[in-house]
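Subject: Structure for you to look at

Hello,

Here is the structure I promised. Please open it and keep it beside this email.

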Amino acid sequence: MDLKVGMVLAMPVNGSTGGYATMQISAGGTISEEMIAQMLIKGIECVAVVNTDPPSEQDYALAVQRYESRLHEIFDPQPDKPCLDLLNALLARGPIPC
């Protein structure tokens, strides 16, 4: 519902019904009204678009701080080895800029 005409796909869009491909759009494709209508008809619920308005450095630093704080709430106080490995991987990856 947040898609707008002119947005650019960051990842390919693939839809299927009953094992048959019903929609394939390559990354880099520009969203049109027709594409949005077909995605709705075919039940595609989520697509990734190129972020043309990235957050400022200050906003991103705040997002990182919130992200790390939330992860520590979820995983602490003493995560076991598999959970610690996951925590470290998530911390290294960082938040996705919104």
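What volume does the second largest pocket have? About 170 Å³. This is a predicted model, where local features need pLDDT of at least 70, side-chain atom pairs count only at pLDDT 80 or more, and totals for chains, interfaces and linings use all residues. Residues are numbered from 1 along each chain as its sequence is written, and side-chain values use heavy atoms, leaving out hydrogens and water.

A pocket is an open set of points on a 1 Å grid over the protein atoms alone, where a 1.4 Å probe fits, with protein on both sides within 12 Å along at least five of seven lines. Its volume is the space filled by probe spheres set on the points. Lining residues have an atom within 4 Å of a point. Here they are Met7, Val8, Val49, Val50, Asn51, Thr52 and Asp53.

Now the salt bridges (a side-chain nitrogen of Lys or Arg within 4 Å of a carboxyl oxygen of Asp or Glu). There are 2 in the structure.

A helix is a DSSP run of H or I, at least four residues long. Arginine 70 is partly exposed at 46%, and glutamate 73 is exposed at 52% relative accessible area. The cut-offs are under 20% for buried, over 50% for exposed, and in between for partly exposed, with a 1.4 Å probe and protein chains only.

Aspartate 85 bridges to lysine 81, again with 2.9 Å between the closest N and O atoms. They are 4 residues apart in helix α3 (residues 81–93).

Best wishes

Notes:
Helices (H or I, at least four residues) and strands (E, at least two) are DSSP runs, numbered from the N terminus.
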